[in-house]
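Reader: I'm new to this structure and would like to learn how to read it. Could you walk me through it, starting with a single residue?

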Amino acid sequence: MNKQSFMPRVAVVLATLGAVTAGTVLSAHAVTPQAQAKPVLTADVHTQGELFPELNGLRIKGVNTDDVYLVLDGKRHLIPSTVTYNALFRTTDGVRLVLTTANITDGGPLTAYAYLARSTDDATIYLVSNGSKREITPAALDKFGFNTAAVRTTYPSVLAALPTAAPLT
């Protein structure tokens with residue numbers, strides 16, 4: 001990469017970081033037209049996003065949106081409503097603000113009214129969403145910030161009827 005093609009991208013990144021930390025919005029006049037074209041091309045290359053397994057359990061929100069996502073299996077999953085959010089999590093304190101969520105692979109939304117469940121004969125807690133159940137280890141309960149007071153108790157046959165997905169650890 002030559003110095004001339006590198007400089008506009010650096011300017012855009014620095015201008016963007018400055019805007020976020022200062023809490024201001026960039027105007028279209030803040031960067032040159034040539035520099036504005038670079039991020040669009042870069043974003044197009046990553047439309048699928050990347051996997052970020054190190055973020056598993058985090059709830060994230062982009063700076064320019066009200067959407068909150070849960071990261072599972074390195075992918076972002078939209079939490080579809082405040083009702084679903086409150087059925088799963090203790091507080092909103094654990095939501096992390098990020099510049100963008102677009103670079104993380106979209107795993108699709110959680111089911112509306114996803115919930116935490118356990119059976120009457122077993123203390124294992126599951127996340128029930130998207131037509132399956134996922135065991136939640138005790139360590140993951142705390143790491144993800146799940147609301148154990150909201151766990152539904154159900155008959156063993158109800159949980160047994162659901163396909164089992166990989167456990168949350």
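Author: Happy to. Let's begin with Thr84, which is buried, with a relative accessible area of 0%. Keep in mind that this is a predicted model.

Reader: Why does Thr84 count as buried?

Author: The idea is a cut-off: buried means under 20% relative accessible area. Thr84 comes out at 0%, so it counts as buried.

Reader: Okay, and where does Thr84 lie, and what is it in contact with?

Author: Thr84 lies in helix H3. Skipping its neighbours within four places in sequence, Thr84 is in contact with Ile79, Thr111, Ala112, Tyr113 and Ala114.

Reader: How much of the protein is buried?

Author: Of its 169 residues, 33% count as buried.

Reader: Let's zoom out. How many helices and strands are there?

Author: The protein has five helices and nine strands. Reading from the N terminus, the elements go α-α-β-β-β-α-β-β-β-β-α-β-α-β.

Reader: How do I read a sheet, then?

Author: Here's the general idea: strands of a sheet pair through backbone hydrogen bonds, either parallel or antiparallel.

Reader: How do S2 and S3 pair?

Author: Strand S2 (residues 68–72) and strand S3 (residues 75–78) are antiparallel, with four bridges. For one example, look at Leu72, whose bridge partner in S3 is Lys75. S2 and S3 form a hairpin with two residues between them, and Asp73 in the turn has a positive phi of about 55 degrees.

Reader: And which way does S1 run against S2?

Author: Strand S1 (residues 59–62) runs antiparallel to S2, joined by three bridges. Find Lys61 and you'll see it stands opposite Val68 in S2.

Reader: What is the order of the five-strand sheet?

Author: That open sheet goes S8-S5-S6-S7-S9, again with mixed pairing. Its edge strands are S8 (152–154) and S9 (164–168), each of which pairs on one side only. Ignoring direction, neighbouring strands here are turned by 35 degrees against each other on average.

Reader: Is the pairing of S7 and S9 parallel or antiparallel?

Author: Strand S7 (residues 132–136) and S9 run parallel, with three bridges between them. In S9, Leu168 is the bridge partner of Ile136.

Reader: Last one: pockets. What lines the second largest pocket?

Author: To read a pocket, ask about its space and its lining. About 180 Å³ of space lies in the second largest pocket. Its lining includes Asp66, Asp67, Tyr85 and Asn86. The lining residues divide into six nonpolar, four polar and two charged. Helix H3 (residues 82–88) gives the most to that lining, with three residues.

Methods. Residues numbered from 1 in each chain as written. Predicted model: local features only at pLDDT ≥ 70, side-chain atom pairs only at ≥ 80, totals over all residues. Heavy atoms only, no water. 1 Å grid on protein atoms, 1.4 Å probe; cavity = no way out; pocket = protein on both sides within 12 Å on 5 of 7 lines; lining within 4 Å. Points joined across faces, edges and corners; volume = space filled by probe spheres on them. Nonpolar A, V, L, I, M, F, W, Y, C, P; charged D, E, K, R; others polar. Pairing = 2+ DSSP bridges. Axes fitted to C-alpha atoms, helices over the stretch in contact; angles between N-to-C directions. Buried < 20%, exposed > 50% of the residue type's maximum accessible area, 1.4 Å probe, protein only. Contact = heavy atoms within 4.5 Å.
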